[in-house]
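User: Hi! Could you walk me through this one while I have it open? I'll ask things as they come up.
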Amino acid sequence: MNNLRLTGKKVIALVDEEFEDLELWYPVHRVREEGAEVHLAGEVKGKVYVGKYGVPATAEFSFEELNSTDYDGILVPGGWAPDKLRRYPKVIALIQEMNAEKKVIGQICHAGWVLISAKILQGVTVTSTPGIRDDMENAGAIWKDEAVVTDGHIVSARRPPDLPPYGKAFCDLLAERS
């Protein structure tokens, strides 16, 4: 098996203050291990954002610099960052554009808030932290209490213990896309 099956793929990883450290870095490293290029993006290019447990992440790009057509997928971390991320019109636009193009969208834990604000969950089967189950269902999603749920191009997971199957599911889906 080719260990670098994602060579040539490009993925956005969104960052903002108080992201869940593992939920950002585990998928980023997992996707990079398979050969994809991952760009960390925040509101301010060059800013160091700090995770809930103190792990830093430097934004290599600002949201405004990104064009969804240049990327194959996007990773939205959990923690408290999603509540901030969903307030940026450019983040919502990126999610909506990537959804329209059926590009791979990964969301874990509270990241579902960003997809809710992008209004893309109607009829989509997903999971999330149980704490936002009502929010997900009120946005029209079909919620399941499972480690990982893949519906078309959207991959979702509940919490850090689900990271291994979530990382694999995201990479598998990205690898399937030509």
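Predicted model: local features only at pLDDT ≥ 70, side-chain atom pairs only at ≥ 80, totals over all residues.

User: Is E7 mostly covered or open?
Analyst: Mostly covered: five of the five residues in strand E7 (residues 104-108) are buried.

User: Which residues point which way from E7?
Analyst: Val104, Gly106 and Ile108 point one way, while Ile105 and Gln107 point the other way, and all are buried. As background, side chains in a regular strand alternate between the two faces of the sheet.

User: Moving on to cysteines. How many disulfides are there?
Analyst: The count is zero disulfides.

User: Where does Cys109 lie?
Analyst: Cys109 is in the loop between E7 and helix H4 (112-117). Its backbone deserves a look as well: Cys109 has a positive phi of about 65°, although it is not a glycine. In general, most residues other than glycine have a negative phi.

User: Which other residue has a positive phi, near 55°?
Analyst: That would be Lys119, a residue other than glycine. Lys119 sits in the loop between H4 and strand E8 (125-126).

User: Is Lys119 buried or exposed?
Analyst: Lys119 is exposed, since its relative accessible area is 72% and the exposed class starts over 50%.

User: Let's switch to rings. How many aromatic pairs do you get?
Analyst: The count comes to one aromatic pair. The partners are Phe63 and Tyr88, with ring centres 5.1 Å apart and planes at 50°, so this pair is tilted.

User: Why tilted rather than stacked or edge-to-face?
Analyst: The planes of Phe63 and Tyr88 are at 50°, whereas stacked needs under 30 degrees and edge-to-face needs over 60.

User: Which parts of the chain does the pair link?
Analyst: Distant ones: Phe63 and Tyr88 are 25 residues apart. Phe63 is in the loop between strand E5 (61-62) and strand E6 (73-76), and Tyr88 is in the loop between helix H2 (81-85) and helix H3 (89-100). Phe63 counts as buried at 2% relative accessibility, and Tyr88 counts as buried at 18%.

User: Which lysines lie over the face of a ring?
Analyst: Lys10 lies over the face of Tyr71, 5.1 Å from the ring centre. Lys45 lies over the face of Phe61, at 5.8 Å from the ring centre.

User: Tell me about Lys10. Where is its place, and what does it touch?
Analyst: Lys10 belongs to strand E1 (residues 10-14). Not counting residues up to four places away in sequence, Lys10 touches Glu37, His39, Asp70, Tyr71, Asp72 and Gly73. Lys10 counts as partly exposed, at 24% relative accessibility. Lys10 and Gly35 are 25 residues apart in sequence, with their C-alpha atoms 9.4 Å apart in space.

User: And Ser62, what is it in contact with?
Analyst: Leaving aside neighbours within four places in sequence, Ser62 is in contact with Gly42, Glu43 and Lys45. Ser62 has its place in strand E5 and counts as buried at 11% relative accessibility.

User: Last one: what does the UniProt annotation cover?
Analyst: The unreviewed UniProt entry carries the annotation "domain: DJ-1/PfpI" for residues 9-170. In the model, that span is 31% helix and 25% strand, and its end C-alpha atoms lie 12 Å apart.

Technical notes:
Residues numbered from 1 in each chain as written. Heavy atoms only, no water. Phe/Tyr/Trp six-rings, centres within 6.5 Å; stacked < 30°, edge-to-face > 60°. Helix = DSSP H or I, 4+ residues; strand = E, 2+ residues; numbered from the N terminus. Buried < 20%, exposed > 50% of the residue type's maximum accessible area, 1.4 Å probe, protein only. Lys NZ or Arg CZ within 6 Å of the ring centre and 35° of its normal. Disulfide = S-S within 2.5 Å. UniProt positions renumbered as here; feature names shortened; annotations may be inferred. Contact = heavy atoms within 4.5 Å.
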